[in-house]
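Trainee: I am new to this structure and would like to learn how to read it. Could you take me through it one feature at a time?

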Amino acid sequence: MNGHGEAFDPYHKWLGIAPSQQPPHYYRLLGIELFEDDAEVIAAAADRQMAHVRTFQTGPHAQWSQRILNELAAARLCLLDPERKRQYDAKLRERLEAERCGTAPAEVPPPLPPPPAQTGAWPALPAWIRLVPSAIRYLRLECQWRWLQFCRLPPLYWQVGLVRYQMGRHDYRVAPLHPALQDTLPEPGRQPRRRRSLWRALGRLWRAGWEHRRRMMALQNLGRDAFAEEGGACVWPAIADPLERAEARRSQLASELERLNQVPPGHVVSPGRLMRLMLLGAGAAATVVWSWMRPW
């Protein structure tokens, strides 16, 4: 017996490990070949299993999910460390050989003690309380996605567009916004006209800022189109590599946010909606407190 209880067996339900194979050794836990030596295969298997188990963090078996995640992390650390893997493989070979011969098996420590049954105060809490950690994670991922979308990627696309424009590979959207250099220089001996009023100076400043914004947006669109058509080959590796990493990270965050926007089984609200409701409630509470504490 593995001590998991009679009602629910997460190893069997989530990872397909039969009760006769429990407690599972690290290779069975990760779902890879016995005594696998390829570190990339081990790391990819651990990431795959952990991503699958994380989908149950907001369900009714959250404690089981956290325990199995700890076991998978311990298996990853052990099998990616050459010395620890060598020692573990030696003990596992002794155990398997003893089981094959029908003698007493050698002691091989299980990944972690089996998780306790879901009893106590946690199931008695309201259902939405279990979504609070996922809602906080949603806020953190949302901030990362917005930083990539509005702060990190636009300057990179602008650099790509500027390089393409300087190489002469521009289109109709950019050419009218970038006049020739001699057209932007003042004529020799010509005195600049004095500003006649503050409003005219502010108007010139606003028009200059607007033209600068138009040029930036045109170069960003040029760089975005070039990267979508040619990929990293459209610009130097010093710009293409950070851009590819940022795009991959943004896609990963978008998929994770989409998953957190779905309503988990047994709940009536998604973690994303719960996070927005929490922010709205915090803003309303801050407004009420400020209205009570203001001196007038």
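Mentor: Gladly! Let us start with a term: a residue is buried when its relative accessible area is under 20%, exposed when it is over 50%, and partly exposed in between, using a 1.4 Å probe and protein chains only. Arg137, with a relative accessible area of 27%, is therefore partly exposed. Before we go on, please note that this is a predicted model, in which local features need pLDDT of at least 70, side-chain atom pairs count only at pLDDT 80 or more, and totals for chains, interfaces and linings use all residues. Residues are numbered from 1 along each chain as its sequence is written, and side-chain values use heavy atoms, with hydrogens and water left out.

Trainee: What is pLDDT, and what does the protein average?

Mentor: pLDDT is the predictor's confidence in each residue, on a scale from 0 to 100. Here the average is 78, and 78% of the residues score at least 70. Over residues 116-124 the pLDDT is below 50, and this stretch has twelve contacts in the model beyond near neighbours in sequence; a contact means heavy atoms within 4.5 Å. Residues 1-5 also stay under 50, with eleven contacts beyond four places in sequence.

Trainee: How many helices and strands does the protein have?

Mentor: Helices and strands are DSSP runs numbered from the N terminus; a helix is H or I over at least four residues, and a strand is E over at least two. This protein has ten helices and zero strands.

Trainee: How far apart are the end C-alpha atoms of helix 10?

Mentor: The general idea is that the expected span is 1.5 Å times one less than the number of residues. Helix 10 covers residues 271-293, and its 23 residues should span 33 Å; the end C-alpha atoms are 32 Å apart, which agrees.

Trainee: Which residues of helix 10 are buried, and what covers them?

Mentor: Pro271, Gly272, Leu274 and Met275 are buried in helix 10. Their cover includes helix 6 (132-166) and helix 9 (237-260). Arg276 is in helix 10 as well, but at 41% relative accessibility Arg276 counts as partly exposed. Leaving aside residues up to four places away in sequence, Arg276 touches Tyr138 and Asn261. Arg276 and Leu139 are 137 residues apart in sequence, yet their C-alpha atoms are 8.7 Å apart in space.

Trainee: How many salt bridges does a search of the whole structure find?

Mentor: A salt bridge is a side-chain nitrogen of Lys or Arg within 4 Å of a carboxyl oxygen of Asp or Glu. The search finds ten. One of them joins Asp47 and Arg76, with the closest N and O atoms 2.5 Å apart. Asp47 lies in helix 3 (residues 39-54) and Arg76 in helix 4 (residues 62-80), so the pair ties together parts that are 29 residues apart in sequence. Asp47 is partly exposed at 41% relative accessibility, and Arg76 is partly exposed at 25%.

Trainee: What does Arg137 form with Glu256?

Mentor: Arg137 forms a salt bridge with Glu256, and their closest N and O atoms are 2.5 Å apart. Since Arg137 lies in helix 6 and Glu256 in helix 9, the pair ties together parts that are 119 residues apart in sequence. Glu256 also meets Arg259 in a salt bridge, at 2.6 Å from N to O.

Trainee: Why are Glu256 and Arg259 separated by about one helical turn?

Mentor: An α-helix has 3.6 residues a turn, so residues three or four places apart point the same way. Glu256 and Arg259 are three residues apart in helix 9, which is why about one helical turn separates them.

Trainee: Is Gln220 buried or exposed?

Mentor: Gln220 is buried, with a relative accessible area of 8%. Gln220 lies in helix 8 and touches Pro154, Tyr157 and Trp158, not counting residues up to four places away in sequence. By contrast, Leu205, whose place is in helix 8 (residues 198-230), is exposed at 60%.
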